[in-house]
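Trainee: I would like to learn how to read strands, sheets and interfaces in a model. Please show me the structure and start with the terms.

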Amino acid sequence: MKSKKYTVAILALFMLCITTSCSDFLEEESRGLIFPETFFTNPAELELAVTSIYNGVGIQNGHDRIVAPWQGADDMTSTLDMHRQYDVFRGNGSNTDVERWWRESWAVIIRCNNVILNYHRAEATEEQKNHAAGQAYFARAWTYYNLVRTYNRIPLVLDLTVDFEIKKSEPGPIYNLIVEDLKKAEQLLPIKWTNYKALSGYTSGAAKALLANVYLSMAGYPLKDESKYALAAEKAKEIIDNEALYGYRLLDDYADLWKASNQKHDEIVFGIYYNVSAGDGNQRTPVSSMPTEYGGWDVYFAEINFFNEFPEGPRKDATFQTTFPMENGDLLDWTENRQRHPYYKKMWDIPGYNPEKPWIYINYQESRTNQVIRYAEVLLTYAEAKAMSSSPDITAYNAVNRVRARAGLDDLPEGLSREEFRDAVVAERGWEFAAEFGIRWFDLVRLERVEAAAANRHEWENPLVSPPTKNEYFSPIPDNEILRNPNLAN
Amino acid sequence: MKPNFTRNVLRRAGIAALCLFCWLSAAAQSERLVHGEVTGEDRVPLPGVNILIKGTTTGTTTDVEGRFELRVADPNAVLVFSFIGYLSQEIQPGSQTSLSITLKQDLKTLEEVVVVGYGTQKKSDLTGSVASISPKQFENQPVTTLAEMLQGRVPGVAVTNSNGGPGGGTKIRIRGTNSIRGDNDPLIIVDGFPGGIIPLNGVKSIEVLKDASATAIYGSRGANGVIIITTERGSSQTPKLTLTSNVGFSRVAKKYDLLNGPEYYQFLEKFTGQTGLYSQEDIDWFTSTGGTDWQDALLGQGINQNYQASLSGQSGKIRYFLSGQYLDEKGILLNTSANTYSFRSNITSDVSDRLTIGFDLSALESLTENQGTASGTGKTNPIWNALTWSPTEPIYNPDGTYNRSDPFGSIEFNPYMAQNERVDDGRSQQMALNTNLKYRILEGLDFSTIAGMRRTNGQDARFSNEHIASSPSASRNQRTGLSWQITSLLSYTRKFWDQHTLTLLGGHEQYLTQSTGVNATSRNISITSVGYDNLGLGSTQTITSSYSKSTLRSYFGRLNYNFSSKYFLTATYRADGSSKFRDENKYGFFPSVAAAWDVSKEDFLSGTGIFHQLKIRGSWGVTGSQAVGAYATLSPLKTTTYTYATSTKYPGYAPGVASNVDLRWEETEQTNIGIDASFWQGKISVTLDYFDKTTTGLLSSRQLPNYNGGGNVLANLGSMENKGFEASVNAIVAQGRDFTWDAGFNTSVVRNKVLDLGESTQLPGGGTISGLMPTSPFMTLPGEPLATFWGARFLGLWQTSEAEEALKYGNIPGDSKYEDLDGNYKINAQDYQIIGNANPKFTWGFSNSFNYKNWGLNVLVEGVHGRDVFNAAYATMTSVFGDSRSITLREATNIWTPENQNTIWPANSSSNINLMNSSKWLQDGSFVKIRNISLFYNLSREITKIADMKLTVSAQNFFTFTKYKGIDPEVTGTGSSDTAGGLDFGTYPVPKVITVGASITF
């Protein structure tokens, strides 16, 4: 009897095991995850998507290494292998720094595309939607602008569809997209942000300034569409005529641009901002550009002929470190330091930095801002574009002379020809923006002056095996990307 | 068993001669008393041996001292001595009255029962390929992991130490790798529960199921093979208490020959052409001291301690087993350690003749320090940093503070500082409960159920102080995991018509696993003395949390049939439903069939006496793999943050990696043919197996181009095969009174080949190194095995005589030269080709066990041959590129000059390109390691009067024979990945260890 009871009980248990398997046991339950299908419903979600764009831009530009192809210019050089490759025009697809620039640029574009494709779905005010879209258009344009100038022919990607076979686009359509995006961004973005983006949000003024720069690039190599000079001048003028509205001005003292305390100032039209104490530091300051004597990383320092030709004055003093106090009391001239080169000190000043004792260890990252477009560039873009689209009129002279005056230089001589005036402005750009965001390199490329600049090389520089040609104007696409999509090899 | 003809004649002649002699001598007497002693081969008296006069019922048994007396009337009588577990012996005493009989142990292990999926089977009835390991094989060695129990002992099972850190990484692969996805780990079942806590002691048996006939009953979890661990249960009426302790001392087996301070200084000035790099003060320091040997600074002596206690026995109907263990490992790398406390118990009660219930409980707590530094390919890897830091730099500044950075060598922090200040504490608890019930409904019809659950909790805590972080920060991570499984089985066995035996099994199983996590990070902590224990002190705080769950429901059945123990047939079937797949892909179906024929039982062979066993086996079946995590068909957004230059981290959401809703099961079809043969009463046994596996619907991750967001998208694409051959020979080489020698040799050959990758022609692998090697050195290609190395072929350096040709590449003599496949005078991704492979061509293991009186010696040797290792650490120690800034290895100071052209080390030329993805860094990774040598001495209870004692001295991984230039050819920074293996980036090497131990059994 007892065993029968067991049998019944156990068979009941067995049945229980099988029948309790309710039908939804195998349903997938994904708690805590957020899916694109149900996203973009409200302003908060819109904002979350936009923040990811800023995150991408921040990461992309916060590395100790600068963008290696900029080393092709005559304003700077390096002995770091990956940077030296570009300094001697030996850029190649295995270069780690160029691979990172490519990868992190696309990460930004994807996030922008995500917002651009979906922002209209959110239940939000027109203003909220406009702001979201504006920031995405701006960041996408800026990133494509970087990519097209670095790699020239690249894929044109406007959505999130996976495509293993996409082919490279010619630069023309890429530039057209950039222009379209910026035209939208300048309309959609606010002139000033009043919320937590007051410091760092992308603005309408930034979009206009960037658009002026883009037009200027389009007028040069490789598109050489000279009709764009007029558009560049017009766009820059819009800002210059409304300086007060946008809140831009030249700081009185060039040295103030590079003070740690000036994380934000009126000359920054477009900057990339950081906060190191919140775990979001910028490694481009300070040790990145310091000499190894001071615990620095020698990522870039000044080329000698460029330094020698740089006009004396307060700007030169604020740009270069030429004497080097040492811990043992020596004071070395730049010809006596390890690299035998002057250094750029623009990014050296951070809290705790002591110019008397620069060897004292300071952080490898800080909250300094990467000043991508300064108001001075708007002025110089205007000057050049105005001269090239019509003639170097008084407004063009005024624009360049404002920059020269601050640098402690006399006004440009009157009566210069278009080309003479342009060359003076381009030289001015080189000095004003030395070692800043590749401006010098891209000037040399668009004006096809890479070869000439490379010929003017001091004997102490990295030796050239063969002089650069047009092949070295643009960087190869990284090897690992070609392995994923072999079509990019062509 | 009938003797063969020759033997027959000899034996008969012998017997005839003996008979004659007996008859002559026996004529004098009629009935007489025969007495004597029966012992085993170890001379230990055997009590209770049956002695019978052949053909009669007259007989006796031996007493406790093995003695016997028997009256024998017939002078031609034959005495039969028999005892369980021993071979019977027949003796015709003739005129002898005093006999000394030595019974030999029955070496026939064929009646051994082995554990198979959801049941047990007589070993002789097996149709599949199943290898058993008994604790006897490792009991005299200080093993602390499952990997050590298996390593080198089972053909077809590759156990690799992917790093040598405390509680280090090991990878177990059974018959190659089926999946590109990388989840090729075998299913591990502990007492019926998958993923149970692996016992460190108290193992009763380990079974490795290899072919589809054995594994298909596990369906979707069986494709990578199954390891079944059965733990010890109490059995003896007298309680048995065993205490064991081992203490091991470990050291790094080898070091790189690095430059010392003065040599480095001289070379650096020569190489860079710069002078005055160091102040006189610095030069004085490193000239007088030799500078810093960073290897010595980071790699020292490690100590392992292992203490175990176990108690087992039986009391009435209750059988019990209790054990505890404490393991303390201090690694050879500074500031690395692991501690484990574990506890295991089981109680089994035979409630009635029909009902048995059991309850198992085990728990484990482990603590680790800086375990993350053991592997990986990050530049914070401490050993890599030690290898690339300038020896001219001191650890400390004269004022006692850390010397933080290296002006010429590494861009990373002082490796001693970074490792010494690193705080990364891991802590985890696991608890497993298992209840089981077995009930005999009718004779032959059994019902059983196993309900088990496992809880895991983890707390990781990290702290980065002001030495190693820009702003002091701390984080804590809490994880919980729960999994449960309920299995119900109904089995029926019946013997009918004499020679037919049929066993049927039906089962149902449900499995659920769920995990949650909370992570809190705090930055800019104002008071660093609080470490990670007061996150509230940070000015910026980030919190994240996560949840994951997946379920599996299965139905399965098995049929076993045998005819006269000669012919065997097995068929299994399983249906698995998984929450990870959608709609019609939810269920997978996995059948198998197998047959075996024991030829030795056939009349034509059984008479010859050659074979003890000769079984031919064949099987075919399909197993599957889910090979993906939960939510793989979904594409959630990923979290990012940005501060907007404020002190708040604003959250952001970015598109995640693209997903694939059509994912389905990966299926592996396997055919196996095997032979089990044994000779000489089983003194030599041989097992041979050939297998052929094809995996279709290969789940693999395809790297997305960066313009599509990078990352990997999963897809069922293509197919892959693994073919192989396994052989093992076990022999009792010598078996004397005082001396025995058992030896086992096994070897395996596995050929892995990707057959097809769907639309892709190539899939780049992992193992990239940020800042040094952004392009993976691995490529998956159709027609080639996984972990194929891919890169440019290094052809040496351009020589002076080739200056003209070099210039076409923009190079000058002394620059590196690579093979230009497409002849376009450019070296780029188009010139990459197959340059090597990380998989071995063949492997072998050789174990020996010698016993002489009370002494014993075990020697285990393992060989792995025909593989390459990508020595990324070597590359960066010898070349300048990317984040590698100087040369530290002596070998590479032989740089090219027009006068010294016969070298592979380029001059410091701005036109030289040192390619990381190049054959230059591949080295022969074959090795032979003496895994273990253990010498032990037994002190029996008779001598000590209280207990059996054993003393052991062992050496593990003490000798390595290899051409590899790095520290350890076995380790890899890529962990358990199969698409990327054999990448040494200063990975934590496996140390050599000397262990002394003692154990005592009461």
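Mentor: Helices (H or I, at least four residues) and strands (E, at least two) are DSSP runs, numbered from the N terminus. Two strands pair if DSSP finds at least two bridges between them. This is a predicted model, in which local features need pLDDT of at least 70 and side-chain atom pairs count only at pLDDT 80 or more, while totals for chains, interfaces and linings use all residues; side-chain values use heavy atoms, with hydrogens and water left out. Residues are numbered from 1 along each chain as its sequence is written, and chains are lettered from A and ligands numbered from 1 in the order in which they are written.

Trainee: How many residues lie between β26(B) and β27(B) in their hairpin?

Mentor: Three residues lie between β26(B) and β27(B), and in that turn Ser564(B) has a positive phi of about 60°. The two strands, residues 538-563 and 567-578 of chain B, pair in the antiparallel sense over twelve bridges.

Trainee: Which residue takes a positive phi in the hairpin of β32(B) and β33(B)?

Mentor: Trp680(B) does, at near 50°, and this hairpin has four residues between its strands. Here β32(B), residues 666-679, and β33(B), residues 684-696, pair in the antiparallel sense over 13 bridges. Gln670(B) stands opposite Lys693(B). β33(B) is also joined by 13 bridges to antiparallel β36(B), residues 719-735, with Asp692(B) and Lys723(B) as bridge partners.

Trainee: What is the order of the strands in the open sheet of five strands in chain B?

Mentor: The order is β10-β15-β16-β13-β14, with mixed pairing. The edge strands, β10(B) and β14(B), each pair on one side only. β15(B) and β16(B) are antiparallel over six bridges, with Ser205(B) partnered by Thr230(B). β13(B) and β16(B) are parallel over four bridges, with Ile188(B) partnered by Ile227(B). β13(B) and β14(B) are antiparallel again, over two bridges.

Trainee: How much area do chain B and chain A bury between them?

Mentor: The size of an interface is often given as the accessible area lost when the parts come together. Buried area is the accessible area (1.4 Å probe) that two parts lose on being put together, summed over both. Chain B and chain A bury about 8700 Å², 60% of it on carbon and sulfur atoms. Tyr644(B), Asn706(B) and Tyr707(B) supply 11% of the area that chain B buries against chain A, more than any other three residues. The contact (heavy atoms within 4.5 Å) takes 103 residues from chain B and 94 residues from chain A.
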